[in-house]
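The report below goes through one protein model, beginning with the whole chain and ending with single residues. Please keep the sequence and the structure in view while reading.

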Amino acid sequence: KPKKVWSMPTKSDFVIYDAYASEIIKKYFFEKKISILFTRGEFINIPCLYFSLFKIKFWKGEFRKAYEFVFIKAVKPRIVITCTDNNTNFYLLSKYSENTRTIFIQQGMRSYYRDVFELLDKSANLDQNFKVDFMGVFGKNIGEKYEKYIKGKIIPIGCLRNNYYNIKTNTNIGTIGFISQYNKDIKGRMVNGNYFSYMDYWRNIDIEILSFLKLYCSNYQKEL
């Protein structure tokens, strides 16, 4: 149940869209006045909800878009930034104000099925006009995929969370590390109407990669 806020949001130069991973952004903007637009039901601003009733989007069933429009208009930020780069609603925020710049920071690995690019393909069929002024992505290749659907400038920045920490120099020469994608809480997954078990989706892939790495290390005198 969302907590109710009864006063209009105060004006701020920066709005964080979605509180998820907002602590990462705050590390870089710690001296700035920041407002957070909560998108997961943690808080709801009652005045913004009331004024959203007067927006056409509300009566078209797009309640969230109407509410977000009112919130951003009230705050009048120079920048709206998010670490939720796979939320298609965020790609529409640039239309709300010509004086507001939008930025997303890629926060996780991206794929097609059950992820952002499947959503973008479906949205493209609806002729959505997506735009994000600056897209901070892990690398050039993923940026090129985003460019197919969203207007804006691609900036490869790596992982913002990792960038905050200093690189350790005491590396072990001649060793290779492998990080498994195993997740004990996920037993299987539906992809494009087909069910893939844990063996299909995780274990078999890990076995294939580890088999290759084992052979590579043996041939080139590396330690896995």
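## The protein as a whole

The model is a predicted one, in which local features need pLDDT of at least 70 and side-chain atom pairs count only at pLDDT 80 or more, whereas totals for chains, interfaces and linings use all residues. Residues are numbered from 1 along each chain as its sequence is written, and side-chain values use heavy atoms, with hydrogens and water left out.

Taken along the principal axes, the C-alpha atoms fill a box of roughly 70 × 45 × 35 Å. The secondary structure comes to eight helices and 10 strands, where helices (H or I, at least four residues) and strands (E, at least two) are DSSP runs numbered from the N terminus. Of the 224 residues, 36% count as buried; buried means under 20% relative accessible area, exposed means over 50%, and partly exposed lies in between, with a 1.4 Å probe and protein chains only. The protein exposes about 14700 Å², and carbon and sulfur atoms supply 54% of this area, which is computed by the Shrake-Rupley method with a 1.4 Å probe, and for residues only the protein chains shown count as cover. Among the contacts with a separation of 6 or more, 54% are between residues 24 or more positions apart, a contact being heavy atoms within 4.5 Å.

## The open sheet

Six strands form an open sheet with parallel pairing, in the order β3-β2-β5-β6-β7-β8; two strands pair if DSSP finds at least two bridges between them. The edge strands, each of which pairs on one side only, are β3 (34-37) and β8 (151-156). Neighbouring strands of this sheet are turned by 25° against each other on average, with direction ignored. Helix α4 (residues 63-75) packs on the sheet, where it touches β2 (14-17), β3 and β5, and the direction of α4 makes about 170° with that of β3; for such angles, axes are lines fitted to C-alpha atoms, for helices over the stretch in contact, and the values run from 0 to 180 degrees between N-to-C directions.

Strands of a sheet pair through backbone hydrogen bonds, either parallel or antiparallel. Strand β2 pairs with β3 in the parallel sense over four bridges, and Phe14 stands opposite Ile34 in β3. Strand β2 also pairs in the parallel sense with β5, over three bridges, and here Ile16 stands opposite Ile81. Further along, four bridges join β5 (residues 79-82) to β6 (residues 101-105), which run parallel, and Ile79 stands opposite Arg101.

In a regular strand the side chains alternate between the two faces of the sheet. In β2, Phe14 and Ile16 point one way and Val15 and Tyr17 the other way, and all are buried.

## Single residues

| Residue | Relative accessible area | Class |
|---|---|---|
| Ser52 | 0% | buried |
| Tyr146 | 0% | buried |
| Asn86 | 27% | partly exposed |
| Lys76 | 54% | exposed |
| Gln221 | 66% | exposed |

Ser52 is found in helix α2 (residues 46-52) and, leaving aside neighbours within four places in sequence, is in contact with Phe58, Ala66, Tyr67 and Val70. Tyr146 has its place in helix α6 (residues 140-147), and its contacts, with neighbours within four places again left aside, include Asp85, Tyr91, Phe104 and Ile154. Tyr146 and Phe117 are 29 residues apart in sequence, and their C-alpha atoms are 8.1 Å apart in space.

Asn86 sits in the loop between β5 and β6 and, not counting residues up to four places away in sequence, touches Tyr91, Arg110, Asp115, Val116 and Leu119.

Most residues other than glycine have a negative phi, and most peptide bonds are trans.
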